[in-house]
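Subject: Structure handover and notes

Dear colleague,

I am passing on the structure below, followed by notes on what was found in it. Please keep it open while you read.

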Amino acid sequence: MTVPHLSTPPTANHEASSPPDAHLRGRRLVFARLAWFAVVGLVLGLFVISIPPYYAYLHTIVPVMDLESGQLTERGTQALVSLGLSIDSYAVYHILLNGVFAFGFLLVGAALFWRKADDRMALLTSFALVTFSLGFSGNVYQMRAASSSWPVLAQLVAFVSGTALALIFYLFPSGRFVPGWARWLMLGWIIHQAIFSFFPSSLDASPALQLFDAVLFISLLASLAVVQVYRYRRVSEAVQRQQTKWVVFGFTIAIAGFIATILLTSSILPTAEPGTFVYFINNTALDLFLLCIPVSIGIAILRSRLWDIDILINRTLVYGALTLSLALVYFGSVVVLVALLRTLTGQEHSDVVIVVSTLAMAALFNPLRRRIQSAIDRRFYRRKYDAVKTLAAFSATLRDEVDLNRLTEELVAVVNDTMQPAHASLWLRQPKLEVRKDKAYR
């Protein structure tokens, strides 16, 4: 029994193909490599130069708390002393954290350059990651506000890094503007980055300009998602879709972790004022979550074919929803049992409440996980979910069916349901009958 012909409908969209000049050669390649080394040298040089003034900047005690600058207040200094730390150690912590942040982006950018220096898209991505590592670090924040000869160069790096990172989203993964009108959106990013990098004080002085820049920034962020969705659904090939999934997954984890950290420290935990223990947790978590961005981009360009991103996304959705559900069950059961215990015995605290709530979580773990897995498969992986159910039903039929005609009809139906080819046909090869002639000898 063979299935010799299974064909799928061809894709007629030619925009998904890479441009013919996607690779650099000759003098262009040499010039691009020299320019990359010059940019890396500039970034590392600015980072090293910014350390002494930034170290002194963090030693300045300010009267009003400013989370963006990270400078200490009198209350923050007292909280720092209560933790057994000094202002020197606080400044060293910030410099080391900025170094880890910059090194993460720089490492991925260097890996892209080392492996695919002749690829335009990989080289642009490497350039954006390297400049972003410094353009949005705390060191550059101080340099942009300092009254010296360096702020103009630091502002230029911030402008170039933000613009290049936005450009990646409009070009990734094929290196072309898809749809074509996406190139005009870059003009909006250039305007926003120019205001943010070169004229930050004008935003505070002009509420109208601040509102305009906020609306422009939100609209441009939405356009990044719209362009990637359009490209994914209408243009991208199978490999390009895998690459897009990796990048979107990394940015989703980074943004979700960033927002969750801010909400947690602002609503549940005490005020995350610089110098407090919560501030250290908050600041470290924010930078670690942001490192998911370069890691996902590096995997998408270099190693996207080695791992199935759908499995990772599926597990993240399942266990994320499971963790949230179990947390709600635990806290809900604690509240209900404490209220019931107070009504019956007049006591509010008991080890029985903790034990019962923990046992309830343990009992609900597997049933809740299976239900969440099934719900996510039905909602986000409908085709795969239906295919698995169809194959399971066919396996049961295969064990019991003895009619060959019925079995062939079932097989063709399963192929149509699971693979959805343009045409499916089935031929049964008849076995050759060998006629054996026996000769009798007298």
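Two helices, α6 and α10 (238-268), each supply at least two residues of the lining of the largest cavity, where helices (H or I, at least four residues) and strands (E, at least two) are DSSP runs numbered from the N terminus. Please bear in mind that this is a predicted model, in which local features need pLDDT of at least 70 and side-chain atom pairs count only at pLDDT 80 or more, while totals for chains, interfaces and linings use all residues. Residues are numbered from 1 along each chain as its sequence is written, and side-chain values use heavy atoms, with hydrogens and water left out.

To stay with the cavities, a cavity is a set of points, on a 1 Å grid over the protein atoms alone, where a 1.4 Å probe fits but cannot get out, and its lining residues have an atom within 4 Å of a point. Grid points are joined across faces, edges and corners, and a volume is the space filled by probe spheres set on the points. The count comes to two cavities of 30 Å³ or more, and the largest holds about 80 Å³ of space. Its lining consists of L165, I168, F169, F172, Q228, T244, V247, V248, F251 and I297, with the largest share, four residues, coming from α10. These lining residues divide into eight nonpolar, two polar and no charged (Ala, Val, Leu, Ile, Met, Phe, Trp, Tyr, Cys and Pro count as nonpolar, Asp, Glu, Lys and Arg as charged, and the others, Gly among them, as polar).

F172, V247 and I297 return in the largest nonpolar core, where they are among the residues, together with Y170 and W189, that touch the most other members out of 34. Such a core is a set of buried Ala, Val, Leu, Ile, Met, Phe, Trp, Tyr and Cys residues joined through side-chain atoms within 4.5 Å, and buried means under 20% relative accessible area, exposed over 50%, and partly exposed in between (1.4 Å probe, protein chains only). Helix α6 gives the most to this core, with seven residues. F172 is also joined to P173 by a cis peptide bond with omega about 0 degrees, and P173 lies in the loop between α6 and α7. That loop is also the place of P179, and the peptide bond from V178 to P179 is cis, with omega near -5 degrees.

A search of the whole structure finds 14 aromatic pairs, a pair being rings of Phe, Tyr and Trp (its six-membered ring) whose centres lie within 6.5 Å, with planes under 30 degrees apart counted as stacked, over 60 as edge-to-face and the rest as tilted. The ring centres of Y90 and F280 are 6.1 Å apart and their planes stand at 80 degrees, so this pair is edge-to-face. It links distant parts of the chain, with Y90 in helix α3 (residues 87-116) and F280 in helix α11 (residues 277-290), 190 residues apart.

F159 is buried, with a relative accessible area of 18%, whereas F198, at 29% relative accessibility, counts as partly exposed.

Best regards

Definitions and conventions. 1 Å grid on protein atoms, 1.4 Å probe; cavity = no way out; pocket = protein on both sides within 12 Å on 5 of 7 lines; lining within 4 Å.
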